[in-house]
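Subject: Handover of a structure

Dear colleague,

Please find the structure below, together with its sequence.

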Amino acid sequence: MTRTVYVNGDYLPEGDAKVSIFDRGFLMADGVYEVTSVLDGKLIDFDGHVKRLWRSLAELEMTCPVSEAELLAMHRELVARNGIDQGMIYLQVTRGNPGDRSFVFPPADLPGTIVAFTQNIPNLADAPAAKTGFKVITIPDLRWSRVDIKTVQLLYPSMGKMAAKKAGVDDSWFTDEDGAVTEGTSNNAYIVKGNRIITRQLGNDILHGITRAAVLRFAEEAQFEVEERAFTAAEAQGADEAFSTAASIFVMPVVEVDGKPVGSGKPGPVAVRLREIYLDEMRKAAI
Ligand code: PDD
């Protein structure tokens, strides 16, 4: 089946979808994005993703070409037209096409470019990796200083994924100048010590994960203690468990950091339980 994608108000076969070579997203990485997961044909935490999209746009003095209601209708339309039961919807908004290349922002009334497409992942909730867990390496965080804005500048995260691949593991966790973990290439990072779940505090140096917010809420409801602070790779290696969260992996156990097993070297009970709670609760609340 040919995928139907969305470009500036139109639903098109993917091969017919076009964006200008002058688009600021293409020339300057001047755009923001969101990834929303789909389970049972429904959107997971759509509200959270839209709120963060609005924040990312505002931080860059951009506006969304369509309303929140139109965004929701478009996400649902893409799910329906592509028959998605489990998968993801990628949405990107750029500063648009000024018709030439310039470092100066175009006038604010230039319409942005908005595109979206589905990714069909039939086993998203039952991903085999969740049963074995991720192995990660740490690498220096060389991204810019505003990674709280979800921009499409993903070259360094891609390089981080490739570094992991070359090392024969699943992901890289970035570390700051103090050796503390900021986050994963495309996910937030956590360790578990006893009843305590530790994850870096919000700031400009991590993305404010929508999954993170939900998981921390569920963790507190399940009587875990939540401590928002930085931790090092060495602390992770000595922790009982570790895990990562994102819309694309939900709660993913992390079983090895820089070649050393974390805890038993197998997915730990806290990560497994939080994954179950997250999937149950978010499925109930999906729209
Ligand atoms: N990435 N940190 C980074 C750097 C991310 O790129 C992501 C998400 C997260 C987790 O955010 P959320 O829980 O809202 O998905 C944290 C998406 C999934 C991606 O780029 O594919």
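This is a predicted model: local features need pLDDT of at least 70, side-chain atom pairs count only at pLDDT 80 or more; totals for chains, interfaces and linings use all residues.

**The sheet and its strands**

Thr4 has Pro13, in β2, as its bridge partner. Residues are numbered from 1 along each chain as its sequence is written, and side-chain values use heavy atoms, with hydrogens and water left out.

Strand β1 (residues 4–7) and β2 run antiparallel and are joined by four bridges; two strands count as paired if DSSP finds at least two bridges between them. Their hairpin has two residues between the strands, and Asn8 takes a positive phi near 45° there.

Both strands belong to an open sheet of six, in the order β2-β1-β6-β5-β3-β4, with antiparallel pairing. The edge strands, each of which pairs on one side only, are β2 (10–13) and β4 (42–43). Leu39 has Lys42 of β4 as its bridge partner. Helix α2 packs on the sheet and touches β3, β4 and β5, and its direction makes about 175° with that of β3. Contact means heavy atoms within 4.5 Å. Axes are lines fitted to C-alpha atoms, for helices over the stretch in contact, and angles run from 0 to 180 degrees between N-to-C directions.

**Two domains**

The chain is divided into domain 1 (4–120) and domain 2 (129–285), with bounds from an automatic or database domain assignment. Their centres, taken over C-alpha atoms, are 26 Å apart. Across the boundary, 22 residues of domain 1 are in contact with 20 residues of domain 2.

**The largest pocket**

Where is empty space left? Rolling a probe the size of a water molecule over the atoms shows this. On a 1 Å grid over the protein atoms alone, a cavity is a set of points where a 1.4 Å probe fits but cannot get out; a pocket is an open set with protein on both sides within 12 Å along at least five of seven lines; lining residues have an atom within 4 Å of a point. Grid points are joined across faces, edges and corners, and a volume is the space filled by probe spheres set on the points.

The largest pocket holds about 720 Å³ of space. Its lining has 36 residues, with Tyr33, Lys150, Leu154, Thr185 and Ser186 nearest the centre. Both domain 1 and domain 2 give at least three residues to this lining. Helix α5 provides the largest share, four residues.

**The largest cavity**

One cavity of 30 Å³ or more is found, and the largest cavity has a volume of about 40 Å³. Among the residues that line it are Glu34, Thr36, Phe46 and His49. Helix α2 gives the most to this lining, with four residues.

Yours sincerely
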